[in-house]
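Reader: I am new to this structure and would like to learn how to read it. Please take a few features one at a time.

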Amino acid sequence: MMKKNNDVVLHDITDVPCVGKTSADLVKGIQRHYLRTLGQHTTSRAAHYKYQAVAFTIRDHLMECWKNTKDAYEEQDGKRAYYLSLEFLMGRALGNAILNLGLDKESTDALHMLGLELEEKIEMEKDAGLGNGGLGRLAACFIDSCATLQLPVTGYGIRYEYGMFRQSIEDGYQLEEPDHWLRNGNVWEIERPEYTQRIHFGGHSEYYHDDHGNLRCRWVGSHDVLAVPFDTPIPGFKNGTVNTLRLWKSEATDEFDLGEFNSGDYAGSVAEKNEAEHISMVLYPNDASENGKELRLRQQYFLASASIKDVLRQWVTEHGEDFSQFAKKNVFQLNDTHPTVSVAELMRILMDDYRLEWDEAWAITSKTMAYTNHTLLPEALERWPVHLFSRLLPRVLDIIYEINARFLKALAKKWPGDVERQRRMSIIEEGDVQQVRMAYLAIVGCFSVNGVAQLHSDLLVKGLFSDFYALWPEKFNNKTNGVTQRRWMAWCNKPLSQLITKNIGDGWITQLDELKQLAPLADKKSFRKNWGACKYANKERLSAVVEEVCGVTFHPDAMFDIQVKRIHEYKRQLLNVLHVIHLYDRIKRGDIENWTNRCVLIGGKAAPGYYMAKQIIKLVNNVANVVNNDPDVGNKLKLVFFPNYRVSAMEVIAPAADLSEQISTAGKEASGTGNMKFMMNGAMTIGTLDGANIEIREEVGDENFFLFGLTADEVAKVRGHYNPNVIIDSDDDFKRVMKLIECGHFSQFEPGLFDAISGSIRCSDDPWLTAADFRSYVDAQQAAALAYQDKKGWVKMSIYNTAYSGKFSTDRTMQDYNRDIWHLDSVPPKSDECGC
């Protein structure tokens, strides 16, 4: 019988056959999408259509669960969280979806039936270009864990047309090429134009009296852009929950000016469209120029405004314009300082659009906003010139001024006459150019401020934010980062995952603490043998990739010594290169007694405008060229710079690592997450007492960690008394290393090429204290090399690292956030099956 309400018919899926989960069902789905969705036929040769057909078929299994999850959240009407991040470094989605749906075997078999290889199709997917490094990858792990824990959390970000950039190396130098990751479309996203938001820029504030005689303000004369949402499903692990990542694309309010076009001004006719689309065009535009700064601020406000408007739209749809319960039902987590303009934007919308009074709006805002800080570098905290803010976001600046005025009044009451304290803590920084200090806005407006490793959190309250801690100690807390074991072990390290599951079951995939059951197995010879075989197989796989990409042979018997992360001076890739030069020097001098063969891989991207980081990349490549082509060196030492490091590359690199380089200057790294991925996959860490290294060492034990370098306290004491030239002159090994750099041995046809690098090492103001840690680092490296020769002992250390990595799952991290900050209830959908 036909129902009268067509909407009900469309939404009623009780009579719609569910998608089957057998291999035969998947084959039918792939064929249907290939022929009917994509319009391909038997003579088609475009390989990406085959990938898309497979991806559409897997996505079909997510769609019903996605709807069921949304229905469950609406029916429960409980508290929800919104995770705002300028980055989401998602990586490839197909393999992750197959794993979380439990369709590994069925998908492999289905593709075999079609004469295809699943691994080949997965390799065809481009990494989603939505992030740069640890910040974005952390956000991706977080939303994965939230779905697995069945927490009602929505991610909000920007749908960048071009990612960070595609890195290539030419003559040793980094070249940046556009990363058009959306060239062939994105199977995993669904456009939601009905939820488009209008975002204001420019114009001015206008005060007026409303119908009741109350003084109000509105933002007028603005040049608006549209924020169009694209939704991506985020599946939990075999539990029927599919959460949402909503990404905003910027578009013009009017795509095309027909009058200007007809008058012959073809460029002018689309100028507004082009300007609007710049906002979501590129991740992290170079902000060395004023135009770059403006675009960065536009991006940050665009994300904040669109996301908050979207959340308020949902609230008004479900509850009307009664905001009395809003703070009890909603919480925003601001991932680093980029989205902290959200504090002022929520105030603006509540007051200007919904006509709440200041106190009521502030009570809501200050109870719903939570801030995560990710940096100890003062220069990395967002600060915007007032003149730029005034021109771009005039009404938002009005509100920031008012927040600051009320805050300074409270400070004066707390500490009468302490003008210096008020100056230090003011959201508006005085000077030749006034600046808006966004981190301070976040601290004032948020009810929770957390660091991401215990040392980082301690240093925040003792240093950067000590004044605020003295005022509001209850706001500050620590939430040590983690990574998702589903992508970083279960998916990317199949040999080891299968061995672990065979011995202790598969509970570890959702309860990583269960890996502790591996520790007693380290004493079993047969288990160690199988563990070593898994590592060797992973090293063979990486060796093949290095051969293909870099043209250098890595022998799996050698120690694989890995450092992959964003290139920055504080992460000290330079210290790593100095050690490689030291090893090269030893070989050339014949000092090879009790030698351990070593293959060193360094990878990561340098910001386009970061000269010194790009010089370090050049040095790595020049040293590699000398080392890898010297017959005296042979297989004793290899060095490569792995280009275009990304998530899919890490999925091959992490399982193969023997030694994980986590060598930042103590007190500079907030947490790190690469250290956790390597630990989970059985690599030993060589590192300083920095970031999460401290907690890794606490978990695995001192004897399974290669420690070196100054502590954060010692670093602070050295400053002002640092003489690197004395350190170099008193160390013969160090002198020889510096001589090789400074005499031009690695730049024979480019004299003086590395003068800036050697000058930075010798500078008494070097903030990274490279020279201070050189000897300790070299000694720790020698200890690691000798330990590697004891195969039984090394494998036991590897097992222990994996066994004690349970703390570093984002499942635990998200449970901590939820227990202390969000207070959400877990909401399972009615069925935990996606398909039938």
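Reader: Which residue just after helix 4 takes a positive phi?

Author: G102 does, with a phi of about 75°. Helices (H or I, at least four residues) and strands (E, at least two) are DSSP runs, numbered from the N terminus. This is a predicted model, in which local features need pLDDT of at least 70 and side-chain atom pairs count only at pLDDT 80 or more, while totals for chains, interfaces and linings use all residues. Residues are numbered from 1 along each chain as its sequence is written, and side-chain values use heavy atoms, with hydrogens and water left out.

Reader: How many residues of helix 4 are buried?

Author: Buried means under 20% relative accessible area, exposed over 50%, and partly exposed in between (1.4 Å probe, protein chains only). In helix 4 (residues 94–101), eight of the eight residues are buried, so the helix is largely enclosed by the rest of the structure. Its cover includes helix 3 (47–76), helix 5 (104–113) and strand 9 (225–235).

Reader: Which way do the residues of strand 19 point?

Author: In a regular strand the side chains alternate between the two faces of the sheet. From strand 19, R598, V600 and I602 point one way, and C599, L601 and G603 point the other way. Six of the six residues in this strand (598–603) are buried.

Reader: Which strands pair with strand 19?

Author: Two strands pair if DSSP finds at least two bridges between them. Strand 18 (residues 559–564) pairs with strand 19 in the parallel sense over six bridges, and I562 is opposite L601. The chain passes from strand 18 through helix 24 (residues 573–588) to strand 19 in a right-handed β-α-β crossover. Right-handed means that, with the strands pointing away from the viewer, the path from the first strand over the helix to the second runs clockwise. Strand 20 (residues 637–642) also runs parallel to strand 19, joined to it by six bridges, and there F641 is opposite I602. The crossover from strand 19 through helix 25 (residues 611–628) to strand 20 is right-handed.

Reader: How many disulfides does a search of the whole structure find?

Author: A disulfide is a pair of cysteine sulfur atoms within 2.5 Å. The search finds zero. For C599, the nearest cysteine sulfur is that of C550, 12 Å away.

Reader: Is C599 buried or exposed?

Author: C599 counts as buried because its relative accessibility is 1%. C743, with a relative accessible area of 53%, is exposed.

How values were computed:
Contact means heavy atoms within 4.5 Å.
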